[in-house]
Amino acid sequence: MSLIVQKFGGTSVADVEKIRAAARKAIRAQRQGHRVVMVVSAMGKNTDRLLELANEVGPNPPAREMDMLLSTGEQVSVALVAMAINALGSEAVSLTGGQIGMQTDSSFSKARIRSISTERIERLLDEGKIVVAAGFQGIDNDLNITTLGRGGSDTTAVALAAVLKADACEIYTDVDGVYTTDPRLLPEARRVDVISYDEMLELASLGASVMHNRSIEFAKKFGVPIHVRSSFSDTEGTMIVTEQESATSPVSGAAMTPDEARLTILGVPDVPGMSLKIFSAIAEKKIAVDMVVQNIGDGGKADVSFTVRRDDLQTTLLTLAPVIDVIGADGVTHDDNVSKVSVVGANMADQAGVASEMFRALAGAGVNIQMITTSEIKISALVPRDQASQALRAVHEGFKLHEKPADAKSWSQIKADREAGVEVETLISRLRDDALEALTLTGISVLDHQARVTLMGVPDRPGIAADMFERIGAAGISVDMIVQGYDGVDGSTSVSFTVPQDALEASLKVAKEIAASHGMRGVQGVAEIAKVTVSGIGLRSHTHVATLLFESLASADINVDMISTSELQVNAVIDSKSADTAKRGLEKVFAGSLG
């Protein structure tokens with residue numbers, strides 16, 4: 001018999017009638033011949049009410065006791081769902097996280113799954129029962145109740161599907177699938193039939209609220225098909241799998257993260273170890289850093305720009321104050337009135353001109369770009385907050401995301417291709433007994449014989465980036481990394497990009513023409529550089545990856561020229577002569593995580 005894991009979120013079990021509806025879906029699946037495991041979240045606003053009670057009791061409650069309290073929300077839900085199933089004529093057993101064998105570490109409120117003992121679940125399934133498991137929770141080695149943090153029920157569901165080798169994991173929610181962008185922001189957004197793990201990972205990290213990135217990491221690692229469906233209709237929904245919907249469309253989705261803050265550390269001495277000192281200090285405060293760009297300022301000094309959540313700005317500034325003095329930087333600037341707009345697509349790595357197309361769409365809407373970062377499948381631009389909505393609409397329209405691609409494939413077509421023997425590249429990681437959520441790297445690579453071009457004093461006005469990269473593309477020059485950050489002079493920016501080394505001369509010629517036409521301060525070109533890339537699953541949720549990379553490079557006295565980060569990769573541009581040393585050092589540091 002096939003096995004299905006069904007997850008029901010808080011809105012799907014918010015009242016008794018919705019609980020009965022969820023119970024009926026599980027019973028229907030069982031009567032269709034499936035063995036069924038349900039994972040259930042706390043009812044509706046139950047968790048919010050528990051948080052309010054904790055705050056009424058007193059400030060700063062112990063983390064252990066908060067987990068003890070919050071876990072009760074799911075225990076109420078699973079008991080009621082099991083009662084509903086029994087009342088409707090089928091048999092069900094409710095289990096807490098500890099009872100399903102969910103073993104975690106002791107990081108209260110953000111615990112990671114170490115192992116899941118499936119014997120009890122499998123025995124109950126063999127007896128013909130529906131298993132109703134509490135999401136969001138587990139136990140540590142001392143039998144303390146722990147919670148998994150934001151999106152924890154999604155993570156529970158996909159983890160159970162992985163260890164039980166389920167045929168599918170159905171995520172029932174208040175939306176009927178994954179859309180090209182948030183339909184609450186853009187009504188013209190289109191529901192997609194299929195989206196790849198990599199694309200969903202990036203969109204989840206950008207704030208797409210349908211799924212949490214940790215659950216997608218699990219699915220990608222263990223090859224679990226995820227079916228996102230509505231609790232309130234029979235719409236087919238969206239499949240999250242290895243394959244993407246279209247083989248040709250460069251962009252599959254767009255996202256806007258509204259509440260960002262930008263910080264730029266000016267005049268950082270261009271010597272090894274500076275990035276390590278900056279970001280290790282921030283990491284100690286548990287502050288999540290997003291868009292990271294390191295650019296080249298005048299006089300050989302670097303400017304390091306990055307974004308944090310707006311709520312974390314003041315803490316970050318206080319953390320950086322002593323670091324600025326220690327490293328001898330010139331100072332720090334910041335802006336908390338910015339938002340991030342991004343486009344994601346698994347096919348963009350194979351297509352030229354995607355970045356310039358995005359920049360042109362933003363320019364056409366009169367949107368100014370303050371920062372740029374690119375990765376293999378994502379382009380992000382930092383824009384003024386009051387222009388964020390029009391920026392999202394501009395890129396959504398620019399890439400025609402409201403239209404279904406001509407070569408779009410449905411899940412049934414993709415399944416037929418699989419049955420016909422079409423190879424599917426998946427990373428099925430070993431099910432290690434002690435580290436289900438361990439960092440899994442897919443590779444450490446070096447792209448050598450590269451060159452960097454930097455335009456300094458780029459005017460801070462709409463349309464400049466579009467013009468730059470349209471002219472570069474028209475010259476037949478293939479661009480890899482693009483980073484734009486503040487360079488600290490009169491509010492202007494600097495833009496750097498990497499090209500193959502044999503294209504440096506042609507790139508400098510075009511760059512000088514661009515600089516002259518826009519009154520920029522100057523152009524700089526550097527040959528003999530290499531891009532070192534750490535790729536894998538869990539790079540964002542395992543925040544130590546970038547720190548370990550910086551530590552490894554600093555210990556080998558290797559200077560970092562440029563930085564770019566994403567959900568799937570951390571990239572550092574270094575001197576070519578150091579490339580082999582850097583690769584060997586990183587392979588040693590991450591030896592236990594390479595799949």
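1. Thr533 pairs with Asn571 of strand S24 as its bridge partner. The strands involved are S22 and S24, the latter covering residues 569–575. They run antiparallel and are joined by seven bridges. Note that this is a predicted model.

2. S22 also pairs with S19. Strand S19 spans residues 440–458, and strand S22 spans residues 522–537. The two run antiparallel, with 13 bridges between them.

3. Now take strand S12, residues 238–241. Which of its residues are buried on each side? Thr238 and Ile240 are buried on one side. Met239 and Val241 are buried on the other. Both faces of S12 are therefore covered, given that buried means under 20% relative accessible area. In a regular strand, side chains alternate between the two faces of the sheet.

4. How do the neighbours of S12 run, parallel or antiparallel? Strand S10, residues 194–196, runs parallel to S12, and three bridges join the two. Within that pairing, Val194 stands opposite Met239. Strand S11, residues 226–230, runs antiparallel to S12, again with three bridges. Here Val228 stands opposite Thr238. Both of these S12 residues are buried: Met239 on one face, Thr238 on the other.

5. On the overall fold, the chain has 16 helices and 24 strands. Among contacts between residues at least 6 apart in sequence, 78% join residues at least 24 apart. Buried residues account for 57% of the 595 in the chain.

6. What radius of gyration does the chain have, and what would a compact globule have? The chain has 25 Å; a compact globule of 595 residues would have a value near 25 Å, so the two agree. The C-alpha trace spans about 80 × 55 × 45 Å along its principal axes.

7. The chain carries 57 positive and 77 negative side chains. The centres of these two sets lie 3 Å apart.

Methods: Residues are numbered from 1 along each chain as its sequence is written. This is a predicted model: local features need pLDDT of at least 70, side-chain atom pairs count only at pLDDT 80 or more; totals for chains, interfaces and linings use all residues. Side-chain values use heavy atoms; hydrogens and water are left out. Helices (H or I, at least four residues) and strands (E, at least two) are DSSP runs, numbered from the N terminus. The radius of gyration is taken over C-alpha atoms; the globule rule is 2.2 Å times the number of residues to the power 0.38. Buried means under 20% relative accessible area, exposed over 50%, partly exposed in between (1.4 Å probe, protein chains only). Contact means heavy atoms within 4.5 Å. Lys and Arg count as positive and Asp and Glu as negative; His and the chain ends are not counted. The place of a charge is taken as NZ of Lys, CZ of Arg, CG of Asp or CD of Glu. Two strands pair if DSSP finds at least two bridges between them.
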